[in-house]
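These are my notebook entries on one structure.

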Amino acid sequence: MTGLTQRRREPGEEPRPDDPDREPPYLDLDRLEARAREVLAPPVYDYYAGGAETESSVQEAPQAWRSWRLRPRVLRATQADLATTLLGTPVGTPIGIAPWAYQGMAHPDGELATRRAAARVGALMTVSTSATHSVEEVAAAAPDAPAWFQLYRQHSPEHTADLARRAGAAGYRALVLTVDLPVLGRRRRDLRNDFALPAGLRMANHPAPDDRPALSANASTSWTFDDIARFAEISDLPVVVKGVLRGDDAVACARAGASAIWVSTHGGRQVDLVVPSAHALPEVVDAVRGEVAPDGSDVEVYVDGGVRAGSDALVALALGARAVFLGRPTAWGLAVGGADGVAAVLTGLSEELAHAMTLCGVATPHDATPDLVVRAGWLPR
Ligand SMILES: Cc1cc2nc3c(=O)[nH]c(=O)nc-3n(C[C@H](O)[C@H](O)[C@H](O)COP(=O)(O)O)c2cc1C
Ligand SMILES: CCCCCCC(=O)C(=O)O
């Protein structure tokens, strides 16, 4: 729309959908989510956005990062470099992609697009068991880029073990056991919508991929501590345990053979009123200090949940996370812009993190130490 027919926009007014200068707002994640909501079918949007029960944990997660304050170091003339290693694998940024299911609902290329985006920006992607492309198809989308495979226990033990083996054979660098889903959380939006995978999409790693399973609150996916060493052996991969929120559990996982602990509330989709990741992280980091992974290196700690800005990520690194993972922001990027959208979200937040690091006198992720943060005394703990 150009020329005389175009009404001048008021300051702060959103461009209309047919406005050609309507660039996707990749750096404003609330607006990006609003844009994704326009393009997604309502039950799909609800599935991605929603959480357990009242969703207070979904709301609280980003706020919890903001209950910390940064203490900048000055006079350091710092040029930030985001490169680091995760379980020995070099990555270009400590901001990675958390596993999230059914990406084909957001974009026809689904996980393939996300994987290509991660490869383009040097970020690590974790691929969900509940993917709409198979473990091998996603690996082949960017064969040289590092990725991890997230494993859910399947009804048949043989099928679960087979998936672990296939992940190893397809070149994934770690197996992520998600332990916070012994049963599915009570997600009121999905119950109300009777949510199921839309026709035409398949659960590609499922034994009967053309089933259209509804998310069932009764499907038990419990792991035990014994599974940690067992799956490391089956796959020949290091095991990351995802969904840990307590120091005692973190130590028990490390002693059972985990190479890394991933602090997560599953995006507030499992337990409502759960302690936010931003507050659980220090306890877990303290607890695993001195714990040794099977290869003799230190047990690493990662975190996700409500990370929406570079400063949130810097707080997480300062509290001891080696990497920070994004869930929903990458879903909104995929829905709005496919691989370009995911890459833009990752690049935007990584640039913000580098900027925050420079402003705080932090040269590398390893230089983000606990003295850099303090709890904001005037906010509820
Ligand atoms: C739509 C959706 C699907 C998810 N699917 C999985 C999954 O298949 N496996 C898993 O371990 N976690 C899953 N998660 C949890 C994410 O890995 C991650 O913990 C969470 O999204 C991080 O919070 P954030 O969305 O606020 O960034 C899912 C999260 C969302 C939003
Ligand atoms: C019975 C397992 C379904 C898991 C679906 C994916 C997931 O983790 C989610 O949060 O949704």
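Entry one: α1 and α12. I found that α1 passes α12 in a left-handed crossing. A crossing is called left-handed if the near helix is turned anticlockwise from the far one by less than a right angle, and right-handed if clockwise. Helix α1 covers residues 29-39, and it packs against α12 at an angle of about 50°, with the axes 9 Å apart. Axes are lines fitted to C-alpha atoms, for helices over the stretch in contact, and angles run from 0 to 180 degrees between N-to-C directions. The angle makes α1 oblique to α12. Angles under 35 degrees count as roughly parallel, over 145 as roughly antiparallel, 65 to 115 as roughly perpendicular and the rest as oblique. From α1, I listed Leu-29, Leu-32, Glu-33, Arg-35, Ala-36 and Val-39 in the contact; from α12, Pro-329, Trp-332, Gly-333, Ala-335 and Val-336. Contact here means C-beta atoms, placed from the backbone, within 7 Å. By class, this contact has eight nonpolar residues, one polar and two charged. Ala, Val, Leu, Ile, Met, Phe, Trp, Tyr, Cys and Pro count as nonpolar, Asp, Glu, Lys and Arg as charged, and the others, Gly among them, as polar.

A note on the model: it is predicted, local features need pLDDT of at least 70, side-chain atom pairs count only at pLDDT 80 or more, and totals for chains, interfaces and linings use all residues. Residues are numbered from 1 along each chain as its sequence is written, while chains are lettered from A and ligands numbered from 1 in the order in which they are written.

Entry two: α4 and α12. The axes of α4 (residues 110-121) and α12 come within 9 Å and cross at roughly 20°. That angle makes α4 roughly parallel to α12. I noted a right-handed crossing for α4 and α12. Among the contact residues are Ala-113 and Arg-116 of α4, and Leu-334 and Val-342 of α12. This contact of α4 with α12 holds eight nonpolar, five polar and two charged residues.

Helix α9 (residues 247-255) and helix α10 (residues 277-288) have axes that come within 8 Å and cross at roughly 40°. The two are therefore oblique to each other. The crossing of α9 and α10 is right-handed.

Which residues come nearest to ligand 1? Of the 24 around it, they are Ala-98, Ser-128, Thr-178, Gly-267 and Gly-327. A residue counts as near if its C-beta atom, placed from the backbone, lies within 6 Å. The elements giving two or more residues to this shell are α2 (42-49) and α12 (328-359). I counted ten nonpolar, ten polar and four charged residues in the shell.

I found twelve helices and twelve strands. Helices (H or I, at least four residues) and strands (E, at least two) are DSSP runs, numbered from the N terminus.

Terms used. Two residues are in contact if their C-beta atoms, placed from the backbone, lie within 7 Å.
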